[in-house]
Amino acid sequence: LAAEGLATANDYAAPVPVEPGLVLLTAAGAGLAALAVDTLAVTYRSAALAGLPLLALYAVPVAVVRDGVPGLLFVLAGLGWLALLLAEGRERVSGWGRLLRPRVATATLPTATQPSTTPTGAALGAVGRRVGAAALGLAVVVPALVPGLEEGVLRRGGGGEGGDGGGGLVVTINPFVGLRGELAAPSPAEVLRYRLEGGSPDYLRMVTLDTFDGTYWVPASLTSDRQATAALPDPPGLGPDVDRQETQLSFRMTALDSTWLPLPYPTTQVRDLEGSWFHDDDTGNVFSPRRRSVGTTYTAEGLLVRPTEAQLRAAAPADDPALDAYRQLPDDLPAVVASTAREVTAAATTDFDRALALQRFFRDPNNGFRYQLDVPAFDGPALVGFLENRAGFCQQFSRAFAALARSVGLPTRVQVGFTPGSRQLGGDEFVVRQSNTHAWPEVYFAGVGWVRFEPTPGGAGIDLPGYTLTPGGTDGSPTPSASASAPTAAPSQGPQDGRPTADDTDLGGGGWSALPWTTLALLAGGVGLLLAPALTRAATRRRRLRLAEAATPAGMRAGWRELADTCADLGAPWPGAETPRATAARVADGLPDDARTATGRLGHGVERVRYAATPGDLGDVGGDVRAVLAALTERAGRRSRWRARLAPASVLSRVGTRVADGLDWVDSLGGRLRAVVTRALRRPRRV
């Protein structure tokens, strides 16, 4: 069961099906983490190390879940770890910072008759909680500013070229992420081979993406107990009058490592397939929660369906309620998507004409769309960015086609798989390589079923369906005009597999457009946060100096507070426990005569404001304050002056005090709650 769980974890991208083996591993992992935390924190009294199992337990879902994990889970785990730290040994916490005395519980403080050199438990708790809160806040905020990495849909492991998967190259298909990585591989490796009997080669489907959340196309949750070797259901919507031809393909997965099997569409029977493989009735996809396809061999019997243009154009509207799921779009989809679709299909009168108009819209060189592996950066929804930049590869074209088609009411889905590959000389064997990886849209037509369209204008082995071609053998797109200002058209196909070369790829983008506005907003917010203390201090200084100019008692108090904050910012002495006259004498020590005299007048003025019934004439308070401030600034070194401007201690200390007050309130609340719980637990039971 554990081996099956490991296979499921290796084969699936999140979200994964609920398999017994995976449940076993999940429960075992959480249980082992709990045992490790208990052993480290209690047995070995190393609560700091106990954070490592907690971190590992949190890091696993963060690494695999596509949309991330709620930050609240990290905060809760972090608070639990801090509680372990405080309970472990308060003497260790005392070394984290200077001792902070609690504002209450004075009975716990040292007295004159009983001095103590050991910090009290309450004080140490305050230190630990404040340090922990700061660390936890940084841990939550800082990672949010670090960009993530996107993995390609195909990744390689091992070495060698081809083979049966035993120690050679292994290629993994992940339909949930980008296709670009292996499309641009300098030497695309072989992933599978198949022998064709009857019919002509066609696209090979692996997984159907039918759910769109505004950013991602993903497959619906698959739950099936139908063995893949059982007869597959008839393809939905396929009427008896549509031309078809039986075909048979014998597959051998040389390097493809996937839980999805490549198959023609529609497939009627899969034979000679070993292991636990299942098929989904709605999509026809064949998948396995445990096995991998490297080295797998099987035979697929299917149909080569050839609908005509007339049949598709005459198809009745697809009004089956079961198809409503293939028309669903997120409520917050940008309006430009629907408006573009309506504009492109304005002249169309049937569903087929609408789908064909959308295909020609993307393939028309005069519209500026181009096949390009390096997609330009864009700040905002990816779909809107593609419609504006008009550069991408099959993934962008198929997703955009499907979204636009759904916005005009067409049941649409996206397929991920391969183009037919290249025929071997003198035989019916075909070789499919990494560069044949492809994504394309399908539209449902009543009486015909799911029909492929091809909006991508370039790439390896891309083939236009016959029902979308004109009698001349083209897709009906006009020839690009010489005066068109659009970028270059799709790259020409190479001599072998048609992959674009480096010379054909327009990097596009650049300048400020390549820098996401979200990044600029984060940078601006960070700079604003760093400058906030300096700006706050400057505004406070201006306000106080304006009050001091009035030479009133309020102005005298404002000037005296400004003098105190300036000394704190510059690191000058300010003996606040002494009288104003003694404080002024200490501040004036070492200043020029005029500044020393002004400081004395300010000290006497503060005493008269505080204690005299009538303060009398206070003199030029504003001038005296400015003279003393200038002298203090001049006496301080350059480093002290810059520190006072950018990181004024007077502002930062007040912020720290407010945070400490809040934490002290939480401390007192926690103490009261603990007392209530303790009294409840100690209450004697009645017999």
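Predicted model: local features only at pLDDT ≥ 70, side-chain atom pairs only at ≥ 80, totals over all residues.
Q: Which residues lining the largest cavity are the closest to its centre?
A: The lining of the largest cavity is made up of 21 residues. By class, these divide into 11 nonpolar, 5 polar and 5 charged residues. The closest to the centre are Arg205, Leu232, Tyr265, Thr283 and Gly284.

Q: Which elements give two or more residues to the lining of the second largest cavity?
A: The second largest cavity has a volume of about 90 Å³. Its lining includes Thr247 and Leu249, along with Leu303 and Leu304. Two elements give two or more residues to this lining, namely strand 7 (243-252) and strand 12 (297-306).

Q: How many residues in the lining of the second largest cavity are charged?
A: Let's sort this lining by class. Among its residues are Leu196, Ser200, Pro201, Asp202, Tyr203 and Leu204. The lining divides into 9 nonpolar and 2 polar residues, and the number of charged ones is 1.

Q: Which element gives the largest share of the largest nonpolar core?
A: The largest nonpolar core holds 70 residues, and those that touch the most other members are Leu192, Tyr194, Phe251, Phe362 and Phe445. The largest share of this core amounts to 8 residues, and the element they come from is helix 12.

Q: How many residues does the second, separate core have?
A: Beside the largest nonpolar core of 70 residues there is a second, separate one. Among its members are Met556, Leu570, Ala636 and Ala644, and its residue count is 25.

Q: Which residues does Phe251 touch, not counting residues up to four places away in sequence?
A: Phe251 is one of the residues that touch the most other members of the largest nonpolar core. Two other residues named in that group, Leu192 and Tyr194, are also among the contacts of Phe251.

Q: Is Gln396 buried or exposed?
A: Gln396 lies in helix 12 (residues 394-407). Beyond its neighbours within four places in sequence, Gln396 is in contact with Val375 and Phe386. The relative accessible area of Gln396 is 17%, and the cut-off is under 20%, so Gln396 counts as buried.

Q: What distance separates the C-alpha atoms of Leu410 and Ala355?
A: Leu410 sits in the loop between helix 12 and strand 15 (412-418), and its relative accessibility is 0%, so Leu410 counts as buried. Leaving aside neighbours within four places in sequence, the contacts of Leu410 include Tyr326, Arg327, Asp351, Arg354 and Ala355. Leu410 and Ala355 are 55 residues apart along the chain, yet their C-alpha atoms are separated by 7.9 Å.

Q: What span does helix 17 reach from its first C-alpha to its last?
A: Helix 17 covers residues 621-635, which makes 15 residues. Its buried residues include Val621, Val625, Val628 and Leu632.

Q: What share of contacts between residues at least 6 apart in sequence join residues at least 24 apart?
A: To finish, here is the chain as a whole. The chain has 19 helices and 19 strands, and buried residues make up 41% of its 687 residues. Among the contacts between residues at least 6 apart, the share that joins residues at least 24 apart is 72%.

Methods:
Residues numbered from 1 in each chain as written. Heavy atoms only, no water. Helix = DSSP H or I, 4+ residues; strand = E, 2+ residues; numbered from the N terminus. Buried < 20%, exposed > 50% of the residue type's maximum accessible area, 1.4 Å probe, protein only. Contact = heavy atoms within 4.5 Å. Core = buried A, V, L, I, M, F, W, Y, C linked by side-chain atoms within 4.5 Å. 1 Å grid on protein atoms, 1.4 Å probe; cavity = no way out; pocket = protein on both sides within 12 Å on 5 of 7 lines; lining within 4 Å. Nonpolar A, V, L, I, M, F, W, Y, C, P; charged D, E, K, R; others polar. Points joined across faces, edges and corners; volume = space filled by probe spheres on them. Expected span 1.5 Å × (residues − 1).
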